[in-house]
Structures are given as structure tokens and as C-alpha cells.
2 protein chains.
Amino acid sequence: MAAKTKAVTKPAKGTRDFLAEELRRREHVIGVIRDVYAAHGFEPLETPTFERLDTLLGKYGDEGDQLVFKILHRGQNLVDGIRSAAAELAEPGVIVVGRSGETAPSVERLLADLGLRYDLTVPLARVVAEYAGKLPTPYRRFQIQPVWRADTPGKGRFREFHQCDVDVVGTASRVAEAEVCGAVAQALERLGFDDFEIRLNHRQLLSAVVEASGVAPEREVDAIVALDKLDKVGVAGVHAELVERGVAVDAATRLLDAVGGARGWDDLGPAVANVERGAAALDDLRQIEDLAAETPAGPRLSPSPTLARGLGYYTGAIFEIAVRDLAGSLGGGGRYDGLVGMFSGRDLPACGFSIGLERILVVMEARGMFGALDGAADVLIAPLDAGLERRCLRLARGLRAAGLRVEVAPGKDKAGRVRKSADARGLRHAVLVRADRDDAVLVWSREAPDVTDRWVEEGALDGALAPQRAK
Amino acid sequence: MAAKTKAVTKPAKGTRDFLAEELRRREHVIGVIRDVYAAHGFEPLETPTFERLDTLLGKYGDEGDQLVFKILHRGQNLVDGIRSAAAELAEPGVIVVGRSGETAPSVERLLADLGLRYDLTVPLARVVAEYAGKLPTPYRRFQIQPVWRADTPGKGRFREFHQCDVDVVGTASRVAEAEVCGAVAQALERLGFDDFEIRLNHRQLLSAVVEASGVAPEREVDAIVALDKLDKVGVAGVHAELVERGVAVDAATRLLDAVGGARGWDDLGPAVANVERGAAALDDLRQIEDLAAETPAGPRLSPSPTLARGLGYYTGAIFEIAVRDLAGSLGGGGRYDGLVGMFSGRDLPACGFSIGLERILVVMEARGMFGALDGAADVLIAPLDAGLERRCLRLARGLRAAGLRVEVAPGKDKAGRVRKSADARGLRHAVLVRADRDDAVLVWSREAPDVTDRWVEEGALDGALAPQRAK
């Protein structure tokens with residue numbers, strides 16, 4: 001069973017192993033987010049790692065479908081699938097291998113029946129349909145789980161990463177927007193962020209401004225995609241892209257005049273005065289700001305008339321978290337009234353916010369925002385002579401009962417090596433047990449200079465070390 | 001995007017959705033286990049959901065390999081794979097579809113490159129090889145993550161389930177056995193188990209008894225597999241199976257005489273007096289019992305001379321957790337010195353214990369061992385008139401700051417309906433906000449009869465509700 005050759009032992013492309021230190025940081029962030037969401041009365045949800053392909057495909061566009069990891073059929077279904085796939089492969093034009101190496105989905109469907117979760121929204125939609133009678137209305141849930149995308153991995157881009165979603169399903173009330181923004185703002189504040197903005201815009205407002213500027217209806221999506229880049233490429237850059245995408249020159253100019261310099265909703269009033277859904281969107285935004293003023297999101301909201309986000313998806317307000325030192329966003333969300341009902345066969349109003357765990361961690365690490373998290377064990381107990389293992393285990397039990405995290409060395413070692421190892425690993429104390437004293441032990445302590453290198457009575461050991469645990 | 005037809009919305013076969021109540025129970029159990037393992041100085045580890053197929057296959061036997069969920073190649077690799085697989089399929093005898101629907105692994109390897117984690121031991125072995133220089137020696141880690149097996153699902157058998165593993169890698173010291181058994185015993189006690197046994201045996205002892213009984217060496221595995229069933233089929237049943245498996249009748253009789261009635265190690269002394277590894281194994285077991293006496297495992301250890309467990313795997317002591325009301329075990333483990341070095345190209349002594357989360361939950365639920373876990377929100381705040389949403393959000397903020405979990409209703413509702421909903425969902429309090437009183441709110445409380453159906457000043461609300469939170 002033990003092959004004695006050195007194998008490839010890196011994790012698979014785009015995935016990561018989390019050793020103790022990094023994992024503790026991840027768990028700290030997840031713990032804070034979970035606690036804040038729970039304090040806001042959101043219920044936890046977890047769904048399976050894989051879903052039926054029927055559930056996943058057709059929801060994320062062709063490009064998204066390609067990025068779903070698909071699980072091979074098993075047994076006879078696989079044999080049949082290979083035969084059918086080979087037959088399709090023989091048909092000219094069925095398989096298209098392009099730039100990004102696409103395979104016709106029809107062929108993949110012959111070989112696979114399951115796929116890895118691509119986001120947390122489609123599983124939410126499935127859950128809402130499946131347990132309709134069991135869930136409270138509105139259903140307020142959070143879900144913090146990994147998702148998988150067969151993307152090309154790169155710096156900060158992984159094939160396995162965590163999303164932290166919080167959503168309210170089943171109400172059109174703007175209390176939902178206020179609550180998800182408030183919960184996200186409080187989570188970020190608890191994590192130590194003091195400089196973030198929640199950029200705010202509205203899908204219908206964007207649409208109305210585009211119409212009012214005289215952009216042809218069939219160019220609306222192009223216009224919004226171009227506008228979203230204003231921060232990056234500036235007015236001239238967006239104008240060029242608008243024209244390149246087929247927007248008339250004068251319409252492009254009017255659109256940029258309308259939103260380019262707008263600092264708040266009032267600046268857009270004239271532009272949308274004649275488009276009804278624009279005025280309704282402005283009312284909506286003002287109501288959200290009014291409600292959010294009572295939540296931690298209040299002072300964070302920043303009107304952002306060019307913010308676009310996930311075009312096909314949102315139907316109302318849209319949000320995005322911006323911090324100075326990250327080009328992308330820490331997360332985003334909005335109202336998406338058409339999506340969650342996809343499996344229920346009925347429209348269900350919904351509003352949510354998704355934070356990217358990896359983004360949060362990148363910024364927190366770059367800024368040194370992690371304080372002293374619990375490290376490895378507090379105490380290493382090591383025997384310096386043979387035959388003392390049992391005594392070490394007894395001491396460990398006592399210290400563990402006093403609330404310390406205690407590691408027992410497997411066998412006899414030298415005092416210097418034990419101290420050095422405890423020091424290098426960031427442990428707080430080492431307890432050295434010698435055969436010539438059966439009532440006391442030698443202590444090394446990073447934190448208590450009055451104790452270090454002294455003999456401490458065994459009965460007094462928890463008193464000498466345990467109080468140091470409280471910060 | 002929203003297709004208006006009712007789709008299949010159950011989770012995929014063998015997987016489960018976890019709604020709030022069940023998830024809280026799972027998180028409670030995981031939290032207790034994690035805390036106890038951390039108190040024992042074990043470090044957390046998490047590894048990716050999928051591994052290279054090269055990493056996974058060939059480690060679990062042919063049957064295990066079949067049960068690994070495999071992820072379809074993408075892009076051109078898939079096209080090439082289909083062509084090659086179809087060609088192999090045309091060769092007679094390459095694909096074998098049997099009772100359980102096996103496909104030749106060679107064909108699957110053409111179509112897939114990744115597989116879902118099948119257990120937590122192979123990833124541990126990979127991690128130990130990859131980060132050899134970064135990990136402490138011995139490396140004491142715990143890992144609590146889901147694993148996936150393409151098994152036929154059944155009652156209590158899932159395709160996605162959690163394992164909770166704790167292992168010590170890199171020492172042959174029996175302190176490792178004592179520590180993993182002690183940690184497991186303490187975790188079970190903290191969860192409320194007061195009646196479990198840790199059954200103990202030794203792979204080399206089994207082997208020695210079999211040899212001393214005159215069983216032919218090539219029948220050793222058969223003999224041990226048969227012996228393991230003594231609890232289930234009795235002495236006569238095991239004797240019949242031994243003979244059926246090719247063990248000589250008199251050897252079968254001697255073997256059963258040796259172990260069938262043995263209550264402790266002393267009863268086996270004569271049987272292994274002439275087989276050196278048997279005597280060494282007995283020494284080993286006695287040392288483990290001596291060390292474990294200083295841990296919570298001490299009084300739980302139960303000598304079990306017929307216990308066999310995972311034959312190909314273990315090299316020394318083996319353990320298994322037994323409770324009265326579960327036919328299988330809650331978990332098991334042992335020493336497996338050959339396995340973890342599989343990727344390092346060197347033997348690494350190792351010893352560990354794996355608990356099945358689902359097994360624990362089944363027993364705890366059947367026994368009613370879950371006390372009052374945190375439920376949904378503590379408080380539901382609901383407006384009874386229009387236009388009070390902002391006031392509700394302000395009240396929510398205050399109560400959340402006081403440590404209560406608070407849900408805000410999306411809009412105006414009737415008092416009776418709010419009370420009924422709060423009651424049905426197990427919430428502790430409801431706060432009803434009316435337009436005719438701007439200084440006080442109506443309270444309904446499950447827990448505080450002196451407050452319920454009374455007006456409470458807004459400023460006194462946290463005082464009236466928050467103290468109830470402490471039990």
C-alpha cells in the first residue's frame with residue numbers, strides 16, 4: 001500500500017490546503033460573520049456539495065455552464081454515455097473547441113449527471129421550492145460554504161472558494177435591503193473595517209437614464225456595461241466604448257453628461273423626469289437610504305449612479321462594498337425578484353448580499369488586521385527522563401481541566417530542545433518533567449518571567465499558568 | 001431566466017439539505033469535538049474538496065476506487081478522452097459491468113482527472129509529504145470535513161457525510177494512542193455520552209493468535225474477517241465460516257477456543273507464548289492501558305480480542321467505540337505505520353481515531369440528548385401600522401446591541417398573526433409597534449408572563465427582554 005516513490009503532493013490546481021494558522025484566520029472571519037447574521041435573525045442553511053446537473057445548468061449563461069465542475073456517470077450509465085458521446089463526436093460541428101476550450105454541453109450531459117455547487121443562489125432557489133411549507137415567510141437565511149468554478153486560476157482567483165450569502169426571500173419590503181446592508185456593515189465593522197463604502201444604485205434607474213439619453217433600447221445592456229467602467233477608464237474612455245458598442249455619439253454624450261458627474265440622486269432627477277420607472281427607482285433608493293439610516297449601513301451608503309453589477313440578474317437596488325486598497329469589491333448584492341422563483345414556478349421577491357471570504361482575508365492580511373488569535377497549544381508538557389509519560393498525561397489532564405490547551409510530547413527529550421521548540425512554535429509555556437523531582441516541574445514561560453526556569457509544585461501548576469490565558 | 005415549471009427540487013441522491021434546526025445540532029456536535037481536540041493541542045487542518053485522481057486511486061482497493069466520485073475533464077482533454085474511451089470500449093473485455101455496475105478504471109481515467117475526497121487519511125498523507133518542513137514533529141492534527149462515496153444510499157447511509165479525524169503522525173510512542181483515545185473519550189463525555197466503551201485490540205495479536213492456532217498463513221485474513229463476526233453470529237457461526245473460508249477444522253476449533261472466551265489479555269498469554277509478535281503486542285496493549293489510565297479513556301477501554309477493523313490498514317493497536325443502541329460503531333481507529341508515508345517515500349508512524357458525525361447524531365437524536373440549543377431569533381419586531389419600519393429597525397439595533405438576536409418583520413401585520421407566528425416558530429418574544437404610542441411598545445413573551453401583553457417603554461425594552469436570554 002505504501003508506494004515508496006515521491007508523488008505530486010500539491011493540492012489540485014486552483015485549490016488550497018489550510019494549515020492551522022491560516023485556518024484560524026478563516027474561522028475567525030467566518031465566526032464573526034455568522035454571529036452578526038444570526039444576531040440579525042437570519043437562519044443558517046447548508047446545501048450539498050453537488051447538485052443534479054439539471055438544477056445547475058442553464059442558470060449562469062453558457063460561460064457559467066462551462067465553469068461548472070461535472071461529475072462522471074457511474075456504472076452502466078457511463079458505458080452508455082461513452083457510446084453516445086462518441087457517436088455525437090462523429091457528427092461534424094457538434095464539438096466546438098474554441099479559445100477557452102468549450103465542449104458542447106450536450107456531450108457533457110451524456111457523461112455526467114451531477115455538478116459541484118457554482119454559487120449559493122441556485123441552491124437557495126431549490127431549497128425555497130422544496131421546503132416551501134416548512135420555511136418562515138419571509139425566509140431570512142445565511143449560508144457560508146465553498147463554491148467551485150473551473151476557471152483559470154490566478155493571483156487571488158481560486159477554483160474552490162467561500163461565499164458568505166445573506167438573503168431575504170418572500171417580501172418586496174425595503175426593510176429587506178436595509179437589513180442585509182445593515183448586517184453586512186456590522187460584520188465588516190466587527191472585523192475591524194472602518195473605511196468601507198456600500199455603493200448603491202438601482203437597475204431601473206440605470207435603465208431609465210439610458211432611455212432618457214436616447215440610447216436605442218437594443219443597446220441598453222451595452223451602454224450599462226460601458227458605464228460600469230467609468231471609475232477605471234474615465235469619461236473619454238467610456239465615451240469611446242459606448243460608440244464602439246454601437247451607441248449613437250450624441251446619445252453617448254447625453255448619457256455621460258447625465259451620470260458622469262452625478263454625485264447623488266438629485267442630479268439625476270432631470271434626466272429621468274420623463275421615464276416613469278426612473279422616478280420610481282429614485283423613490284425606492286430614497287426609501288432604502290431612509291430605512292438604512294437606522295442600521296450600521298446608514299453612514300456607509302454612497303450613491304453611485306454608474307454602478308452596474310450582474311446585469312441579467314438584478315431587478316431593483318444594487319450594492320457593492322468598496323475599500324480603498326482593493327481594485328475589485330469585497331462583495332455585492334441587490335434585489336433580484338425573478339430568480340429565486342425559478343424552481344417554484346412563481347415569482348418570489350428576494351434581496352441579498354454576498355461577501356467573498358477570500359477578498360476579505362486578502363485585505364485583512366495586507367493591512368495586518370488580525371490580532372492575536374489563539375495559536376497552537378498553550379502548554380507543551382515534555383518528559384526529560386524515560387518512563388515519565390504517565391505523569392505527563394496526568395499533568396495534562398489537570399491543566400486541560402483548567403481551560404488550557406495542552407500538548408504532551410511523545411517521549412523523553414532534552415530541556416533545551418523542548419524550550420526551543422515551544423518558542424519556535426509560539427507556544428506560551430513549556431512544562432519539563434524530571435525523574436529526580438516527583439513533586440515539582442520545571443517551567444519555561446514566554447509570558448510569565450517570574451515563573452520561567454523555576455520549579456513549580458505540581459499542585460500549583462494550573463494556578464501559575466492558567467491565569468495567563470486571559471488577555 | 002425564471003422558468004415557470006415545477007422542477008425536481010430534492011437534493012441529489014444520498015445528499016441532504018440542512019435547515020436551521022438540524023444544522024444547529026450538527027454545529028453543536030462539531031463545536032464540542034473541535035474544542036476538545038484543540039484543548040488536547042491538536043491543530044486544525046482543512047484540505048480541498050477534490051484531489052487529483054492520481055492522489056486518490058489505488059489507496060482504497062478496487063471497490064473503494066469505484067466509489068470515488070470523479071470529475072469530468074474539461075475542454076480539449078474531454079474531447080480527446082471521449083475518443084480514447086470509445087476506442088477502448090470497442091476492445092472486447094475492457095468494460096466490465098457487473099452486479100454493482102463497475103466500469104474499467106482505465107476508461108474512467110481517460111474522462112476524468114479529479115475526484116472528490118473519499119476520506120481524510122489520504123489527504124493527511126499528502127499534506128504530511130507536501131509540508132514536511134513546516135509541520136511540527138510529531139504532527140498532531142484534527143480535521144472535520146465532509147467526504148463523498150458513490151455508494152448505494154440507504155437508511156443512515158449517505159453519499160455525502162462528515163468525518164471527524166484526529167491523528168498523531170511521526171511518533172511510535174504509545175502516548176499517541178493514549179492521547180487520541182483520551183480526546184475521543186472526552187469529546188463523547190462532553191456531548192453527554194455516559195455509556196460508551198472503547199473496544200481495544202491489536203493487529204499483531206490477532207495475527208499471532210491465528211498463527212498459534214495453526215491456521216495456514218495464507219488463510220490469516222480470512223480467519224480474522226470471520227472472527228470479527230463473533231458478536232453477530234456466535235461461536236458456531238464463526239466456526240462454520242472459518243471452515244467455509246478454507247481454515248482447517250481443528251485450527252478453527254483451536255482459534256475459537258483461544259479467543260472466543262477470552263475476556264482479557266491474560267487469557268491469550270498461553271496462546272501466543274510461542275509467537276514473538278504476540279507477546280510484543282500484549283506488552284504494547286498493557287502500556288497503552290497504563291498510559292490511558294491518566295486520560296478520560298481509562299475507564300472506557302474494554303479488551304476485545306476478536307475486534308478486527310480495516311484489515312489491510314492497521315499495524316498495531318486498533319480501537320472502536322461501541323454503544324448499546326447502535327449496531328455499528330460510532331467510530332474507530334488505531335495505529336497504521338505504513339500508510340501516511342505513502343507520498344513521502346518513507347515510513348511514518350501514525351495513530352488516529354475517526355468519528356462519524358452522522359452516527360453520533362443518530363444516537364443523540366434517538367436518545368433525546370440535545371438540550372435547548374439556540375433557536376431562531378430571540379425577538380420578532382413587527383409594526384402593526386404602516387410607516388413604522390424605520391422605528392422597528394431602530395428598536396432592533398438597540399436590542400441587538402444588548403445581545404439579542406432580532407428579526408424585523410418586513411411590514412405591517414395584525415397583532416394576533418404576529419403572536420401566533422412567533423409562538424409557532426419558537427421565538428421567545430415579539431415586540432408589536434403601534435402608531436398611537438410613540439414612547440412604548442406592546443410585548444408578547446413566552447418566557448416572561450409579567451411582561452406579556454403589556455406596554456413597555458422603549459427605553460426599558462432591552463432590560464425587559466435581555467435578562468431572559470441567560471438561562
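Helices here are DSSP runs of at least four residues, numbered from the N terminus. With that in hand I opened the model, which is a predicted one.

**Entry 1: B:Thr55**

I started with B:Thr55 and found it in helix H2 of chain B, a helix that covers residues 53–56. Is B:Thr55 buried or exposed? I noted a relative accessibility of 3%, and because the cut-off for buried is under 20%, B:Thr55 counts as buried. Next I asked which residues B:Thr55 is in contact with, leaving aside its neighbours within four places in sequence. My list reads A:Val8, B:Val122, B:Arg126 and B:Phe343.

**Entry 2: where chain A and chain B meet**

I looked up how many residues each chain brings to the contact: 111 residues come from chain A and 111 residues from chain B. The area buried between the two chains is about 9,900 Å², and I wrote down that carbon and sulfur atoms give 60% of that area.

Then I turned to the charged pairs. There are 12 salt bridges between chain A and chain B. I picked out a salt bridge joining the side chains of A:Glu294 and B:Arg390, with 2.8 Å from N to O.

Which element gives the largest share of the side of chain A that touches chain B? I found that helix H4 of chain A (residues 76–90) does, with 8 residues. Sorting that side of chain A by residue type, I got 58 nonpolar, 17 polar and 36 charged.

**Entry 3: helix H14 of chain A**

I moved on to helix H14 of chain A, residues 357–367. The buried residues I noted in this helix are A:Leu357, A:Glu358, A:Ile360, A:Leu361, A:Val363 and A:Met364. What covers them? I found that the cover includes helix H1 (20–39), strand E6 (160–169), helix H7 (175–191) and strand E11 (350–356), all of chain A. Just after H14(A), I saw that A:Gly368 takes a positive phi of about 65°.

**Entry 4: the sheet of chain A**

Last, I traced an open sheet of 8 strands in chain A, with mixed pairing and the order E1-E5-E6-E11-E10-E9-E7-E8. Its edge strands are E1 (43–44) and E8 (301–303), each pairing on one side only. Within the sheet I followed E7 (residues 197–202) and E9 (residues 317–322), which run antiparallel and are joined by 6 bridges. On this pair I marked A:Glu197, which stands opposite A:Ala322 in E9(A).

Terms used
Residues are numbered from 1 along each chain as its sequence is written. Chains are lettered from A and ligands numbered from 1 in the order in which they are written. This is a predicted model: local features need pLDDT of at least 70, side-chain atom pairs count only at pLDDT 80 or more; totals for chains, interfaces and linings use all residues. Side-chain values use heavy atoms; hydrogens and water are left out. Helices (H or I, at least four residues) and strands (E, at least two) are DSSP runs, numbered from the N terminus. Buried means under 20% relative accessible area, exposed over 50%, partly exposed in between (1.4 Å probe, protein chains only). Contact means heavy atoms within 4.5 Å. Buried area is the accessible area (1.4 Å probe) that two parts lose on being put together, summed over both. A salt bridge is a side-chain nitrogen of Lys or Arg within 4 Å of a carboxyl oxygen of Asp or Glu. Ala, Val, Leu, Ile, Met, Phe, Trp, Tyr, Cys and Pro count as nonpolar, Asp, Glu, Lys and Arg as charged, and the others, Gly among them, as polar. Two strands pair if DSSP finds at least two bridges between them.
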